[in-house]
Amino acid sequence: MPTSAPGPHAAFDPGALALKPTLPGTTVTLVPLCARHADPMWRFTDDEETNRLTGTRRTFTEDEIRDWCTTRPEQPDRLDLAVEDRATGGFLGELALNDVDPDNASAHYRIALTPGSTGRGIGTEATVLLLRHAFETVRLHRVQLEVYAYNPRAARAYEKAGFVHEGRARQAHHWAGEYHDVLQMAALRPEWLAAHP
């Protein structure tokens, strides 16, 4: 970690997205998503509750998951990391900065944890690690996300990590025969760095 992070108005560095970091935390470590994560990723893509919480509608083949994991380190314009247990190295989930908008120095954030990894503070810790990298190293100005209103636990985790509620898209998500609101949240570099020195 640098001894002095860039100031809140330092310019966005798109080239930093091509460098895939390892980010150690207290209980988790974020590592570059790669071929060795294909098997655990494949096993948890079939979990119904995970698919409901992430809004995943399609079914993936094992080959698709293997190809996805294998090609993530080569992506120059996004960042895909695996969440691993710091003590055991076990796979706990994955997260990404994607849909990067260079003109506005912004990106979207998503995270999916394995079923046994939720409710333990892992999502909050992983999100804080990712936001620090996004704001201090990549120097994005804004990171935004959407979370379904039926997933209040995730919304609370995002709040703890420094995201702020910005809006609500009413009945924008259809799942299992019902319409649900979508909550819109974002973190801004100057505010986040001031709150997380």
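Two strands are counted as paired when DSSP finds at least two bridges between them. The legends below describe close-up views of a predicted model.

View 1. Eight strands, in the order 1-2-3-4-5-6-8-7, form an open sheet with mixed pairing. Strand 1 (23-24) and strand 7 (164-175) lie at the edges with a single partner strand each, so one side of each has no neighbour in the sheet.

**View 2. The hairpin of strand 4 and strand 5.** Strand 4 (residues 91-101) and strand 5 run antiparallel and are joined by 7 bridges. Within this pairing, Glu94 is placed opposite Ala112 of strand 5. The hairpin has 4 residues between the strands, and Ala105 adopts a positive phi near 50° there. Strand 5 itself (residues 106-113) is mostly covered, with 6 of its 8 residues buried.

**View 3. From strand 5 to strand 6.** On pairing with strand 6 (residues 142-148), strand 5 forms 3 bridges in the parallel sense. One of the residues involved is His108, whose bridge partner in strand 6 is Gln144.

View 4. Val143 has Ala187 of strand 8 as its bridge partner. Helix 4 packs on the sheet, where its contacts include strand 2 (28-32), strand 3 (79-85), strand 5 and strand 8. The direction of helix 4 makes about 155° with that of strand 5.

**View 5. The buried face of helix 5.** The buried residues in helix 5 (residues 152-161) are Ala154, Ala155, Ala157, Tyr158 and Ala161. Viewed down the axis of helix 5, its buried residues fall within an arc of 160°, and therefore they line one face of the helix. In an α-helix there are 3.6 residues a turn, so residues three or four places apart point the same way. The buried residues of helix 5 pack against several elements, among them strand 5, helix 4, strand 6 and helix 6 (189-195). Strand 7 and strand 8 are also among the elements against which these buried residues pack.

**View 6. The residue after helix 5.** Gly162 follows helix 5 and has a positive phi, near 115°.

Conventions: Residues numbered from 1 in each chain as written. Predicted model: local features only at pLDDT ≥ 70, side-chain atom pairs only at ≥ 80, totals over all residues. Heavy atoms only, no water. Buried < 20%, exposed > 50% of the residue type's maximum accessible area, 1.4 Å probe, protein only. Helix = DSSP H or I, 4+ residues; strand = E, 2+ residues; numbered from the N terminus. Contact = heavy atoms within 4.5 Å. Axes fitted to C-alpha atoms, helices over the stretch in contact; angles between N-to-C directions. Arc of directions from axis to C-beta.
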